[in-house]
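Please load the model in your viewer and keep the selection panel within reach. We will go from stop to stop, picking residues as we go.

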Amino acid sequence: MRVFTTFDEVAEAAGTELGSSEWVTIDQRRVNQFADATGDHQWIHVDMERAKEGPFGGTIAHGYLTLSLVPWLGSQVFTLRTPGAKLNYGVNKVRFPHPVLVGKRIRLHVKMGEVVDIPSGKQLTVQHTIEIEGEDKPACVAETVVLLLP
């Protein structure tokens, strides 16, 4: 786990690989809870019998469920203990190259992107790749933006 306590440490890490999280299994219970929380009950996510005959051979995680795991999985890789507020400023781009079949394991790989000075502190981008165990293509690739305020 990489811990950043100063803006200088963050800036020095620009462009470096930070590491990977532990593997986590995506189970049907998590998918169903996400469906309930978001109202997205599409059959490819929640109807196990119908999904067996569908394009993926079983139920799959919602793309946004996969994306929503980035903060939790990322907290296993690095933490920002810099002074002041840390704000989630947004996401520059997100792609879901491969579905996550229920029962598969995923993990997050993190790379620090660009770190730039802004009038109120620092703006950093973080590159996230969610891998699926045994698959060539990732489940999700996302570039997030964080503001570090003094």
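Predicted model: local features only at pLDDT ≥ 70, side-chain atom pairs only at ≥ 80, totals over all residues.

Residues are numbered from 1 along each chain as its sequence is written, and side-chain values use heavy atoms, with hydrogens and water left out.

**Stop 1: the largest pocket**

Select Val 70, Pro 71, His 128, Thr 144 and Val 146, which are the closest to the centre of the largest pocket among its 18 lining residues. The volume here is about 390 Å³. On a 1 Å grid over the protein atoms alone, a pocket is an open set of points where a 1.4 Å probe fits, with protein on both sides within 12 Å along at least five of seven lines, and lining residues have an atom within 4 Å of a point. The volume is the space filled by probe spheres set on the points, which are joined across faces, edges and corners.

Now colour the elements around the largest pocket: helix H6 (70-74) and strands E4 (78-80), E5 (86-95), E7 (121-132) and E8 (140-148) each supply at least two lining residues. Helices (H or I, at least four residues) and strands (E, at least two) are DSSP runs, numbered from the N terminus. Which element gives the most to this lining? It is E5, with five residues. By class, the lining holds ten nonpolar, seven polar and one charged residues; Ala, Val, Leu, Ile, Met, Phe, Trp, Tyr, Cys and Pro count as nonpolar, Asp, Glu, Lys and Arg as charged, and the others, Gly among them, as polar.

**Stop 2: the second largest pocket**

Next, select Ile 60, Ala 61, His 62, Gly 63 and Phe 96, which lie nearest the centre of the second largest pocket, out of 15 lining residues. Helices H2 (28-38) and H5 (63-68) are the elements that give two or more residues to this lining, and H5 gives the most, with three. The volume of the second largest pocket is about 200 Å³.

**Stop 3**

Show E6 and E7 as a cartoon: they pair in the antiparallel sense over eleven bridges, where pairing requires at least two DSSP bridges between two strands. A hairpin joins E6 to E7 through two residues. Pick Met 112 and you will find Val 126 of E7 opposite. E7 also runs antiparallel to E8, with nine bridges joining them, and Gln 123 stands opposite Leu 147 in E8.

Stay in E6 (residues 105-118) and select Lys 111. Is Lys 111 buried, partly exposed or exposed? With a relative accessible area of 27%, Lys 111 is partly exposed, because buried means under 20%, exposed over 50% and partly exposed in between (1.4 Å probe, protein chains only). Its contacts (heavy atoms within 4.5 Å) include Glu 17, Val 126 and Gln 127, leaving aside residues up to four places away in sequence.

**Stop 4**

Move to Ser 21, in the loop between strands E2 (17-20) and E3 (24-25). Ser 21 counts as buried, at 5% relative accessibility.

Finish at Glu 49 in helix H4 (residues 48-52), which is exposed at 54%. Draw the C-alpha distance from Glu 49 to Pro 83, and it comes to 51 Å.
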